[in-house]
Amino acid sequence: MAISVDPPATTREHLAKTGWTYTFLSDPRAEVIRRYDLLHPNAGQTGDIARPAELLVDPTGTVRWRNLTESYWVRARPEAVLEAFDQLTGRRAQEPSFEPEYSRAAVPRCISAASRST
Amino acid sequence: MTRRRNFLPLAGFLICVAAFLAYPLVFARYPVTRDVPWASWLLFVLGLALVAAGLLRAFRRPETFRGRIMGPILGVLSLAVVGFFFLVTEVYSRQLPASAGAPQIGQKAPDFTLPDSQGRPVRLSGLLGAPAGGAAGSGAPGSWVLLVFYRGYW
């Protein structure tokens, strides 16, 4: 589930363009981003944005794995998220056949793997 | 005797510019060339080597090759491109907030409700499975959620 400061209309265009199917949430005033202390002040074109971060939340709402990158060019790879999920749940998530492109194909699969029922 | 044109500094400079542009346009799309930009640096080394070779022959054999004015200019420009690439990929991109207050492993992820791309409100606790088995909201019991925060500006 993605979160950014973009308004829903912008995200809608983005999803139509890319074909991504997972959930994109809009936090235009960065309220949730601020509550998670992931605010990157004045780093966007028009103000505050989120710093890149990935958090894996278990069914009780507890953070079980997270990745706060040190460079915004470097994000968690889907394989890393799936591996963490496998280790935490003690079983294999669905075998994904990742395409090399991180964001286009792999993330939706990693979301679907992570949101499987336990 | 007319001196030969010395194309090496220009070729090296163009390779440096191409290497710079290739990172956001191509290499950053693939984790293997994005996380460690080795492909970019390989191209930069090639570009700078061509510039150096061009400068060497311009100054060592000035009776044969031209380029004693344009060569150094292109050399400085090439170094500037390489330096700017270093700043963008290794310095600016690492100037991220410490986020010391971000939820740690073992802590609860603060609940929230935000609109999705269709404007429908989505609540985190509604997606997670209830521990007792009774599903809250639309989520199936025992569901995990991966939260991915993006810089945005799609």
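**View 1. Chain A from one end to the other.** Starting at the N terminus, the elements of chain A come in the order β-α-β-α-β-β-β-β-α-α. That gives four helices and six strands. Keep in mind that this is a predicted model. Chain A has 118 residues, and 42% of them count as buried. If you look at the contacts in chain A between residues at least 6 apart in sequence, 35% join residues at least 24 apart.

**View 2**

**View 3. Where chain A meets chain B.** Here 63 residues from chain A and 50 residues from chain B take part in the contact. On the chain A side, helix 1 (residues 8–18) gives the most, with six residues. Sort that side by class and you get 34 nonpolar, 16 polar and 13 charged residues.

View 4. Five strands line up as an open sheet, in the order 2(A)-1(A)-3(B)-5(A)-6(A), with mixed pairing. Which strands sit at the edges? They are strand 2 (24–26) and strand 6 (63–67) of chain A, and each pairs on one side only. On average, neighbouring strands in this sheet are turned by 20 degrees against each other, ignoring direction. As a bit of background, the strands of a sheet pair through backbone hydrogen bonds, and they can do so parallel or antiparallel.

**View 5. Strand 3 of chain B and its two partners.** Let's look at the pairings across the chains. Strand 1 (residues 2–4) of chain A runs parallel to strand 3 (residues 145–149) of chain B, and the two pair over two bridges.

**View 6. A hairpin in chain A.** Strand 5 and strand 6 of chain A form a hairpin, with five residues between them. Check out A:G61 in the turn, which has a positive phi of about 90 degrees. The two strands pair in the antiparallel sense over four bridges. One pair to find is A:L56 and its bridge partner A:W65 in strand 6.

**View 7. Helix 3 of chain A on the sheet.** Helix 3 (residues 78–89) of chain A packs on the sheet, where it touches strand 5 and strand 6 of chain A along with strand 3 of chain B. The helix direction makes about 25 degrees with that of strand 5 of chain A. Now zoom in on A:A84, which lies in this helix. Is A:A84 buried or exposed? A:A84 counts as buried because it has 20 C-beta neighbours inside 10 Å, and 20 or more is what the label takes. Not counting residues up to four places away in sequence, A:A84 touches A:L56 and A:W65. A:A84 and A:W65 are 19 residues apart in sequence, yet their C-alpha atoms are 6.9 Å apart in space.

**View 8. The largest nonpolar core.** This core has 38 residues, and A:I3, A:A50 and B:L147 have the most contacts inside it. Strand 3 of chain B gives the most to this core, with five residues. Why does the core lie between domain 1 and domain 2 of chain A? Because both domains give residues to it. Apart from this core there is another one of 17 residues, including B:F44, B:V51, B:L55 and B:F65. In soluble globular proteins, nonpolar side chains tend to be buried together.

**View 9. A:I3 and its contacts.** Leaving aside neighbours within four places in sequence, A:I3 has contacts in both chains. Among them are A:L25, A:V32, A:I33 and A:A50 from chain A, plus B:L114, B:L147, B:V148 and B:Y150 from chain B.

**View 10. B:T33 in chain B.** You'll find B:T33 in helix 2 (residues 31–34) of chain B. B:T33 has 18 other C-beta atoms within 10 Å, so it is partly exposed. Not counting residues up to four places away in sequence, B:T33 touches B:F27, B:W38 and B:A39. B:Y23 is ten residues away from B:T33 along the chain, and their C-alpha atoms are separated by 8.4 Å.

Technical notes. Residues numbered from 1 in each chain as written. Chains lettered and ligands numbered in written order. Predicted model: local features only at pLDDT ≥ 70, side-chain atom pairs only at ≥ 80, totals over all residues. Contact = placed C-beta atoms within 7 Å. Nonpolar A, V, L, I, M, F, W, Y, C, P; charged D, E, K, R; others polar. Pairing = 2+ DSSP bridges. Core = buried A, V, L, I, M, F, W, Y, C linked by C-beta atoms within 7 Å. Buried ≥ 20, exposed ≤ 12 C-beta atoms within 10 Å, placed from the backbone. Domains from an automatic or database assignment. Axes fitted to C-alpha atoms, helices over the stretch in contact; angles between N-to-C directions.
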